[in-house]
Amino acid sequence: MKKILLENFIRYVKIDTMSSEDSTDTPSTQKQFTLANLLVKELKELGLTEIILTKNCFIYATLPSNIKANKKSIGLIAHMDTIPGFSGTNVNPQIIKNYDGKDIALKNITLTTNQFPFLKQMKEKTLITTDGTTVLGADDKAGIAEIMTMLWYFKTTNTPHIEIHIAFTPDEEIGLGIAKFDLTKFKCDYAYTVDGGLYNEINYENFNAASAIVNIEPSRKCQKSDDKCQ
(Lines give C-alpha, C1' and ligand atoms only; values in the text may rest on other atoms or scores of the structure.)
Protein backbone atom coordinates (compact mmCIF):
# COMPACT_ATOMS: atom_id res chain seq x y z
CA MET A 1 0.00 0.00 0.00
CA LYS A 2 2.93 2.37 0.65
CA LYS A 3 3.94 1.99 -2.98
CA ILE A 4 0.45 2.99 -4.17
CA LEU A 5 0.39 5.93 -1.76
CA LEU A 6 3.75 7.20 -3.03
CA GLU A 7 2.75 6.78 -6.68
CA ASN A 8 -0.51 8.66 -6.10
CA PHE A 9 1.22 11.51 -4.28
CA ILE A 10 3.96 11.98 -6.89
CA ARG A 11 1.39 11.92 -9.70
CA TYR A 12 -0.76 14.60 -8.06
CA VAL A 13 1.99 17.04 -7.02
CA LYS A 14 3.30 17.18 -10.59
CA ILE A 15 0.02 18.82 -11.66
CA ASP A 16 0.06 22.61 -11.24
CA THR A 17 -3.06 23.68 -9.29
CA MET A 18 -1.93 27.01 -7.85
CA SER A 19 -4.90 29.22 -6.94
CA SER A 20 -4.98 32.99 -7.46
CA GLU A 21 -5.84 35.76 -5.03
CA ASP A 22 -6.40 38.12 -7.97
CA SER A 23 -9.44 36.23 -9.26
CA THR A 24 -13.04 36.42 -8.08
CA ASP A 25 -14.04 33.29 -10.00
CA THR A 26 -14.46 29.81 -8.53
CA PRO A 27 -12.19 28.11 -9.23
CA SER A 28 -9.77 31.00 -9.27
CA THR A 29 -7.62 29.16 -11.84
CA GLN A 30 -8.89 26.85 -14.54
CA LYS A 31 -5.84 24.59 -14.24
CA GLN A 32 -7.33 23.14 -11.07
CA PHE A 33 -9.67 21.24 -13.39
CA THR A 34 -6.66 19.26 -14.68
CA LEU A 35 -6.31 17.49 -11.36
CA ALA A 36 -10.08 17.37 -10.85
CA ASN A 37 -10.63 15.56 -14.15
CA LEU A 38 -7.90 13.04 -13.30
CA LEU A 39 -9.45 12.37 -9.88
CA VAL A 40 -12.89 11.85 -11.41
CA LYS A 41 -11.39 9.31 -13.81
CA GLU A 42 -9.67 7.46 -10.97
CA LEU A 43 -12.78 7.53 -8.77
CA LYS A 44 -14.75 5.91 -11.59
CA GLU A 45 -12.07 3.25 -11.99
CA LEU A 46 -12.35 2.51 -8.26
CA GLY A 47 -16.08 1.98 -8.64
CA LEU A 48 -17.37 4.91 -6.60
CA THR A 49 -20.91 6.11 -7.20
CA GLU A 50 -22.66 9.49 -7.36
CA ILE A 51 -19.53 11.08 -8.81
CA ILE A 52 -20.07 14.77 -9.57
CA LEU A 53 -17.68 17.42 -10.87
CA THR A 54 -19.34 20.81 -10.68
CA LYS A 55 -18.71 23.86 -12.84
CA ASN A 56 -16.95 25.41 -9.83
CA CYS A 57 -14.49 22.48 -9.63
CA PHE A 58 -15.92 20.64 -6.65
CA ILE A 59 -15.82 16.85 -6.68
CA TYR A 60 -18.33 14.73 -4.78
CA ALA A 61 -18.37 10.93 -4.72
CA THR A 62 -19.62 8.04 -2.60
CA LEU A 63 -18.14 4.68 -1.67
CA PRO A 64 -21.20 2.57 -0.73
CA SER A 65 -21.14 0.54 2.45
CA ASN A 66 -20.37 -3.16 2.13
CA ILE A 67 -21.81 -4.13 5.51
CA LYS A 68 -25.42 -4.55 6.58
CA ALA A 69 -25.22 -2.31 9.64
CA ASN A 70 -25.05 0.93 7.72
CA LYS A 71 -26.59 3.36 10.20
CA LYS A 72 -23.96 6.08 9.93
CA SER A 73 -21.69 7.49 7.25
CA ILE A 74 -18.52 9.56 7.26
CA GLY A 75 -17.07 12.13 4.90
CA LEU A 76 -13.48 12.93 3.97
CA ILE A 77 -12.43 16.28 2.51
CA ALA A 78 -9.20 17.55 0.91
CA HIS A 79 -8.39 20.54 -1.29
CA MET A 80 -6.78 20.50 -4.71
CA ASP A 81 -5.17 23.94 -4.93
CA THR A 82 -1.71 25.00 -3.79
CA ILE A 83 -0.56 28.34 -2.41
CA PRO A 84 -0.42 31.38 -4.70
CA GLY A 85 2.80 33.35 -4.88
CA PHE A 86 5.12 30.36 -5.14
CA SER A 87 5.34 28.39 -8.36
CA GLY A 88 3.64 25.03 -8.68
CA THR A 89 4.84 24.49 -12.25
CA ASN A 90 7.26 21.67 -13.10
CA VAL A 91 7.35 20.27 -9.57
CA ASN A 92 10.29 17.89 -9.21
CA PRO A 93 9.84 15.82 -6.01
CA GLN A 94 12.94 14.58 -4.20
CA ILE A 95 12.56 11.25 -2.39
CA ILE A 96 14.97 10.86 0.53
CA LYS A 97 14.99 7.31 1.89
CA ASN A 98 16.34 6.53 5.35
CA TYR A 99 16.76 10.23 6.14
CA ASP A 100 19.83 10.87 8.34
CA GLY A 101 18.27 13.63 10.44
CA LYS A 102 20.63 16.35 9.15
CA ASP A 103 20.15 19.54 7.12
CA ILE A 104 18.68 19.02 3.64
CA ALA A 105 20.32 21.02 0.84
CA LEU A 106 18.03 21.87 -2.07
CA LYS A 107 18.37 24.29 -4.97
CA ASN A 108 18.40 27.87 -3.63
CA ILE A 109 17.46 26.77 -0.12
CA THR A 110 18.56 24.55 2.77
CA LEU A 111 16.10 23.01 5.19
CA THR A 112 17.96 23.21 8.49
CA THR A 113 17.15 21.35 11.67
CA ASN A 114 17.51 24.64 13.55
CA GLN A 115 14.75 26.25 11.51
CA PHE A 116 12.67 23.05 11.35
CA PRO A 117 13.40 21.12 14.59
CA PHE A 118 10.76 18.48 13.77
CA LEU A 119 13.08 17.17 11.05
CA LYS A 120 15.03 15.36 13.75
CA GLN A 121 11.92 13.32 14.47
CA MET A 122 11.92 12.13 10.87
CA LYS A 123 15.28 10.36 11.11
CA GLU A 124 15.37 7.00 9.30
CA LYS A 125 12.04 7.73 7.63
CA THR A 126 11.36 8.46 3.95
CA LEU A 127 10.99 12.18 3.21
CA ILE A 128 9.63 13.82 0.08
CA THR A 129 10.66 17.41 -0.60
CA THR A 130 10.58 19.91 -3.42
CA ASP A 131 13.83 20.42 -5.32
CA GLY A 132 13.84 23.98 -3.97
CA THR A 133 12.56 25.78 -7.07
CA THR A 134 8.82 25.22 -6.58
CA VAL A 135 6.28 24.50 -3.91
CA LEU A 136 5.87 20.75 -3.35
CA GLY A 137 2.11 20.85 -2.92
CA ALA A 138 1.83 18.34 -0.09
CA ASP A 139 -0.76 20.80 1.25
CA ASP A 140 -3.04 19.24 0.39
CA LYS A 141 -2.19 16.67 -2.26
CA ALA A 142 -0.89 14.49 0.55
CA GLY A 143 -4.46 14.45 1.86
CA ILE A 144 -5.83 13.61 -1.58
CA ALA A 145 -3.29 10.81 -2.00
CA GLU A 146 -4.19 9.38 1.41
CA ILE A 147 -7.91 9.39 0.62
CA MET A 148 -7.46 7.86 -2.85
CA THR A 149 -5.15 5.19 -1.46
CA MET A 150 -7.67 4.35 1.26
CA LEU A 151 -10.38 3.95 -1.40
CA TRP A 152 -8.08 1.70 -3.41
CA TYR A 153 -7.43 -0.42 -0.30
CA PHE A 154 -11.12 -0.85 0.49
CA LYS A 155 -11.96 -1.77 -3.11
CA THR A 156 -9.10 -4.25 -3.55
CA THR A 157 -9.32 -5.99 -0.16
CA ASN A 158 -13.09 -5.94 0.40
CA THR A 159 -12.45 -4.74 3.94
CA PRO A 160 -15.76 -4.02 5.76
CA HIS A 161 -16.60 -0.31 5.88
CA ILE A 162 -19.56 2.01 6.28
CA GLU A 163 -20.66 4.46 3.59
CA ILE A 164 -17.91 6.99 2.84
CA HIS A 165 -18.46 10.33 1.13
CA ILE A 166 -15.61 12.12 -0.61
CA ALA A 167 -15.24 15.83 -1.40
CA PHE A 168 -12.30 17.49 -3.14
CA THR A 169 -12.46 21.29 -3.21
CA PRO A 170 -10.70 24.19 -5.00
CA ASP A 171 -9.33 27.49 -3.68
CA GLU A 172 -8.81 26.55 -0.03
CA GLU A 173 -5.55 28.49 0.03
CA ILE A 174 -7.32 31.75 -0.77
CA GLY A 175 -10.27 31.10 1.54
CA LEU A 176 -12.99 31.30 -1.12
CA GLY A 177 -13.78 27.84 -2.43
CA ILE A 178 -15.78 26.56 0.51
CA ALA A 179 -18.40 29.29 0.02
CA LYS A 180 -19.78 27.25 -2.89
CA PHE A 181 -19.56 23.88 -1.16
CA ASP A 182 -22.88 22.06 -1.67
CA LEU A 183 -23.90 20.16 1.47
CA THR A 184 -26.80 18.54 -0.39
CA LYS A 185 -24.19 16.61 -2.38
CA PHE A 186 -22.23 15.64 0.74
CA LYS A 187 -24.75 13.86 2.95
CA CYS A 188 -22.75 12.28 5.75
CA ASP A 189 -23.16 12.15 9.50
CA TYR A 190 -19.58 13.07 10.34
CA ALA A 191 -16.81 14.57 8.24
CA TYR A 192 -13.06 15.00 8.56
CA THR A 193 -10.65 17.22 6.66
CA VAL A 194 -7.47 15.34 5.76
CA ASP A 195 -4.98 18.19 5.71
CA GLY A 196 -1.79 18.47 7.78
CA GLY A 197 -0.86 17.24 11.23
CA LEU A 198 0.87 14.07 12.35
CA TYR A 199 -0.32 10.67 11.17
CA ASN A 200 -1.76 9.88 14.61
CA GLU A 201 -3.30 13.30 15.26
CA ILE A 202 -6.98 14.29 15.06
CA ASN A 203 -8.09 17.88 15.64
CA TYR A 204 -11.68 18.37 16.78
CA GLU A 205 -11.70 22.16 16.51
CA ASN A 206 -10.72 24.53 13.73
CA PHE A 207 -9.52 28.10 13.47
CA ASN A 208 -11.00 30.82 11.27
CA ALA A 209 -8.62 32.98 9.29
CA ALA A 210 -9.07 36.32 7.56
CA SER A 211 -6.82 38.55 5.51
CA ALA A 212 -6.66 42.29 5.05
CA ILE A 213 -4.87 44.59 2.61
CA VAL A 214 -3.75 47.92 4.08
CA ASN A 215 -2.62 50.79 1.85
CA ILE A 216 -0.59 53.47 3.65
CA GLU A 217 -0.28 56.86 2.00
CA PRO A 218 2.00 59.70 3.23
CA SER A 219 0.20 62.72 4.69
CA ARG A 220 2.19 65.04 2.44
CA LYS A 221 4.36 64.77 -0.61
CA CYS A 222 7.88 63.66 0.27
CA GLN A 223 10.95 65.29 -1.13
CA LYS A 224 14.14 63.31 -1.58
CA SER A 225 15.99 65.92 0.44
CA ASP A 226 13.52 65.78 3.34
CA ASP A 227 15.02 63.41 5.91
CA LYS A 228 11.96 63.65 8.14
CA CYS A 229 9.57 62.47 5.47
CA GLN A 230 9.51 58.66 5.63
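The model is predicted, with local features requiring pLDDT of at least 70 and side-chain atom pairs counted only at pLDDT 80 or more, while totals for chains, interfaces and linings use all residues. Residues are numbered from 1 along each chain as its sequence is written, and side-chain values use heavy atoms, with hydrogens and water left out.

A pair of aromatic rings is described by the distance of the centres and the angle of the planes. Rings of Phe, Tyr and Trp (its six-membered ring) pair if their centres lie within 6.5 Å, and planes under 30 degrees apart count as stacked, over 60 as edge-to-face and the rest as tilted. By this rule there are six aromatic pairs. In one of them, the ring centres of F58 and F181 are 6.2 Å apart with the planes at 75°, so the pair is edge-to-face. Because F58 sits in the loop between β1 (49-53) and β2 (59-63), and F181 in the loop between β8 (163-169) and β9 (190-193), this pair ties together parts 123 residues apart in sequence. Here, helices (H or I, at least four residues) and strands (E, at least two) are DSSP runs, numbered from the N terminus. F58 is buried at a relative accessible area of 1%, and F181 is buried at 14%; buried means under 20% relative accessible area, exposed over 50% and partly exposed in between (1.4 Å probe, protein chains only). Y153 and F154 form a tilted pair, 6.0 Å centre to centre with 55° between the planes. Ring pairs also link F58, Y60, F181 and F186 into a cluster.

Attention now turns to H79, in strand β3 (residues 73-79). This histidine is buried, with a relative accessible area of 2%. Its side chain makes polar contacts with those of D81, at 3.0 Å, and E172, at 3.1 Å. A polar contact is a pair of N or O atoms within 3.5 Å; within protein, one must be able to donate a hydrogen and the other to accept it, and residues adjacent in sequence count only if both atoms are side-chain atoms.

The largest nonpolar core has 32 residues, of which L39, M80, I144, M148, L151, I166 and F168 touch the most other members. Such a core is a set of buried Ala, Val, Leu, Ile, Met, Phe, Trp, Tyr and Cys residues joined through side-chain atoms within 4.5 Å. Two or more residues each come from α1 (2-13), α2 (32-45), β2, β3, α3 (138-157) and β8.

Within α1, the buried residues are N8, F9, I10, Y12 and V13. These pack against α2, β4 (94-96), β7 (127-129) and α3, where contact means heavy atoms within 4.5 Å.

Finally, the structure holds five salt bridges, each a side-chain nitrogen of Lys or Arg within 4 Å of a carboxyl oxygen of Asp or Glu. K3 bridges to E7, with the closest N and O atoms 2.5 Å apart; being four residues apart in helix α1, the two are separated by about one helical turn. K3 is exposed, at 58% relative accessible area, whereas E7 is partly exposed, at 37%. Another bridge joins E42 and R11 (2.9 Å, N to O). Because E42 lies in helix α2 and R11 in helix α1, that pair ties together parts 31 residues apart in sequence.
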